[in-house]
Amino acid sequence: MTLVAGVDTSTQSTKVLVCDADTGAVVREGRAAHPDGTEVAPAHWWTAFQEATAGGLLDGVAAIGVGGQQHGMVLLDEAGNVVRDALLWNDTRSAGAAEDLIAELPGGAAGWASAVGLVPVASFTVTKLRWVARHEPDVAARAASVVLPHDWITSLLNVRQELTTDRGDASGTGYWSPTTGEYRTDLVRLAFGRDLALPRVAGPAEVVGETADGALLAPGTGDNMAAALGLGLRPGDLVVSLGTSGTVFGVSAAPVADASGTVAGFADASGRHLPLVATLNAARVLTAAANLLGVSLSTLDELALAAEPGAGGLTLLPYLDGERTPNLPNARGLLNGLTRANAGPANLARAAYEGMLCGLADGLDAVRGLGVPVERVLLIGGAAASAAVRAIAPGLLGVPVSVPAPGEYVALGAARQAAWALKGSDEAPEWPVSAADATALPTEGVRKVYGDVRDRAQALLK
C-alpha cells in the first residue's frame with residue numbers, strides 16, 4: 001500500500017490524515033489544537049503539526065500536501081524569519097484599509113473585480129498589508145516577503161527551502177489574478193508602498209520539494225480548495241460548509257468577477273475556478289444560542305425541531321462577530337419580532353438555525369446569479385451533523401441537499417493532491433465519497449422575513 005498524507009492547518013487546529021494513495025481510505029490520523037484569536041504566532045501551527053504527527057504518524061508516507069486557512073498574512077524578513085504574529089482571515093481591523101484600497105484603484109470595486117476576481121474586504125491578505133504599512137511601519141520596514149499559512153508550513157517541510165504556493169490559495173490574496181494566472185505586483189505596491197517577494201505559484205499537481213525523510217511535497221492549497229478536492233466536486237455541485245465560518249462554493253470552468261464583492265472569484269486547486277461566498281458567522285451562532293439558553297447543542301437541536309418554521313415570527317440576524325458577506329465588519333446580531341407569544345426557548349433555537357442558513361442561502365443565490373450551475377448542495381462542516389440543520393437546510397436553500405459522511409475533507413483533499421503529485425497523472429485519482437440525502441421541512445416565507453430584517457439592519461448601519 002502506498003501512503004500519502006494530507007494536512008489541514010485551520011483556524012482552530014491542525015488535522016493530519018494518512019491515506020491509501022489508490023483508494024483514499026484513511027489509515028491513521030492525528031490532530032492538535034491551535035490558540036484562539038484573530039492573530040497567532042505561526043510557530044504555534046508548526047508546534048501543532050509536530051504534535052499531530054508525533055509517534056510515527058508519517059512513517060512510510062510517500063507524499064504530503066498541506067491545506068490551510070485562506071488569507072492569513074505571514075510576513076517574513078530577509079532571513080525567512082516571521083516578523084509579527086499572523087493576521088488571520090477573521091481579523092477585521094483592516095476594514096478601513098479595504099475601503100481605502102477600493103477607492104484608490106481606478107474603477108473602484110469593479111476595477112478590483114476585473115483585476116483579481118474579488119473586491120477587498122477585511123478578510124483578504126491585501127488589506128492586511130495596507131493595515132500593517134499604515135499602523136506598524138517599523139514592522140513593515142523589516143518585511144521582505146509575504147506568504148500564506150499553508151505556504152509557510154510547506155516551506156518548513158521543504159528541504160529545498162523555496163517559497164511556493166498554488167493558484168487556489170494565491171487567488172484569495174487580492175494580488176493574484178485567476179484570469180491571467182499572474183501576480184498583480186502593482187496592487188502589492190498600492191497596498192504596502194513597495195514590492196515584497198511573493199511565493200512561486202506551482203501547478204496543480206507539481207512536486208515542489210521533499211521533506212527531510214524523502215516524502216515528496218505537493219503544492220498544497222487553501223482550505224476551501226482542498227475541501228473541493230476531497231469531495232470530488234463536479235460542475236453542478238455546490239458546497240455549503242458550516243464550520244467556524246460559513247462558505248458556499250462550487251466549481252466553474254470560467255473565472256467570475258462580481259463587482260458587488262459578494263462572490264469572490266477564486267481559482268481552485270485543479271486548474272478550474274471556485275466562486276465562493278463566505279460569512280463570518282456559522283456554527284458559532286448555534287454555540288452562542290446554546291450558551292444563551294443554557295443547554296447543550298443536542299438539546300438546541302431538539303428545541304429547534306419542536307418549533308414551527310419561521311419561529312413564530314422571531315428572526316435572528318446572526319452577525320455576532322460582524323459580517324463579511326454582506327460586508328459589515330462592525331455589525332452586531334439582531335433579534336427581531338420578539339413578542340410575548342414567541343418568547344420561548346424553542347423559537348429562539350429555531351431562529352438561530354434559520355438565521356445562519358438564510359445567510360448562506362443568500363450566498364447560494366449570488367453564486368447561481370453569476371451563471372454557475374446549481375443542481376445539488378453538499379452540506380459539510382461540524383454543524384452538518386445537526387439533525388435540525390439537515391431538516392431545515394433543503395427548504396431554505398431550495399435545492400436537493402446531500403450530506404457526505406462526516407470527515408476531514410480539507411485534509412482529505414490535501415492528501416488527494418499529494419497522491420496526484422506522486423502519480424504524476426493528468427487528473428487527480430478518483431476517491432469515492434459517500435453521501436446521504438437530507439430531509440426537508442416546509443419553510444414558506446422564512447427567507448422573505450429574514451431578507452426584510454437584513455435590509456432594515458443594513459439601513460440602520462449606514
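On a 1 Å grid over the protein atoms alone, a pocket is an open set of points with protein on both sides within 12 Å along at least five of seven lines, a cavity is a set of points where a 1.4 Å probe fits but cannot get out, and lining residues have an atom within 4 Å of a point. Grid points are joined across faces, edges and corners, and a volume is the space filled by probe spheres set on the points. The second largest pocket has a volume of about 540 Å³ in these terms. It is lined by 34 residues, and those closest to its centre are Arg324, Thr325, Pro326, Asn327 and Leu328. Helix H2 (95–104), helix H12 (345–368) and helix H15 (446–461) are the elements that give two or more residues to this lining, and H12 gives the largest share, five residues. Helices here are DSSP runs of H or I with at least four residues, strands are runs of E with at least two, and both are numbered from the N terminus. By class, the lining of the second largest pocket has 18 nonpolar, 11 polar and five charged residues; Ala, Val, Leu, Ile, Met, Phe, Trp, Tyr, Cys and Pro count as nonpolar, Asp, Glu, Lys and Arg as charged, and the others, Gly among them, as polar.

The model is predicted: local features need pLDDT of at least 70, side-chain atom pairs count only at pLDDT 80 or more, and totals for chains, interfaces and linings use all residues. Residues are numbered from 1 along each chain as its sequence is written, and side-chain values use heavy atoms, with hydrogens and water left out.

The chain as a whole comes next. Its secondary structure comes to 15 helices and 24 strands. The radius of gyration, taken over C-alpha atoms, is 21 Å, close to the 23 Å that the globule rule gives for 462 residues, so the chain is as compact as a globular protein of that length. The globule rule is 2.2 Å times the number of residues to the power 0.38. Along the principal axes, the C-alpha atoms fill a box of roughly 65 × 55 × 40 Å. Of the 462 residues, 57% are buried, where buried means under 20% relative accessible area, exposed over 50% and partly exposed in between, with a 1.4 Å probe and protein chains only.

The largest pocket holds about 950 Å³ of space. Its lining has 42 residues, with Ser241, Gly243, Thr244, Gly381 and Val410 nearest its centre. Among the elements that give two or more residues to this lining are strand E2 (13–20), helix H9 (223–231), strand E22 (374–380) and helix H14 (409–423). The lining divides into 17 nonpolar, 17 polar and eight charged residues.

The whole structure has three cavities of 30 Å³ or more. The largest cavity has a volume of about 70 Å³, and of its 13 lining residues Phe124, Gly261, Thr262, Arg324 and Thr325 are the closest to its centre. Strand E19 (residues 273–279) gives the largest share of this lining, three residues. The second largest cavity, with about 60 Å³ of space, has a lining that includes Trp89, Asp91, Ser123, Arg324 and Asn327.

The backbone has a cis peptide bond from threonine 325 to proline 326, with omega near 0°. Proline 326 lies in the loop between strand E20 (315–317) and strand E21 (334–336). Histidine 71, which is not a glycine, has a positive phi of about 75° and is buried at 3% relative accessibility. Glutamine 161 has a positive phi near 60° but is exposed, with a relative accessible area of 69%.

Aromatic contacts complete the picture. Rings of Phe, Tyr and Trp (its six-membered ring) pair if their centres lie within 6.5 Å; planes under 30 degrees apart count as stacked, over 60 as edge-to-face and the rest as tilted. The whole structure has four aromatic pairs. One of them joins tryptophan 45 and tryptophan 152 edge-to-face, at 6.2 Å centre to centre and 75° between the planes. Tryptophan 45 lies in helix H1 (residues 43–52) and tryptophan 152 in helix H6 (residues 149–157), so the pair ties together parts that are 107 residues apart in sequence. Tryptophan 45 is buried at 1% relative accessibility, and tryptophan 152 is buried at 8%. Phenylalanine 124 and phenylalanine 266 form another edge-to-face pair, 6.4 Å centre to centre with 80° between the planes, and both residues are buried.
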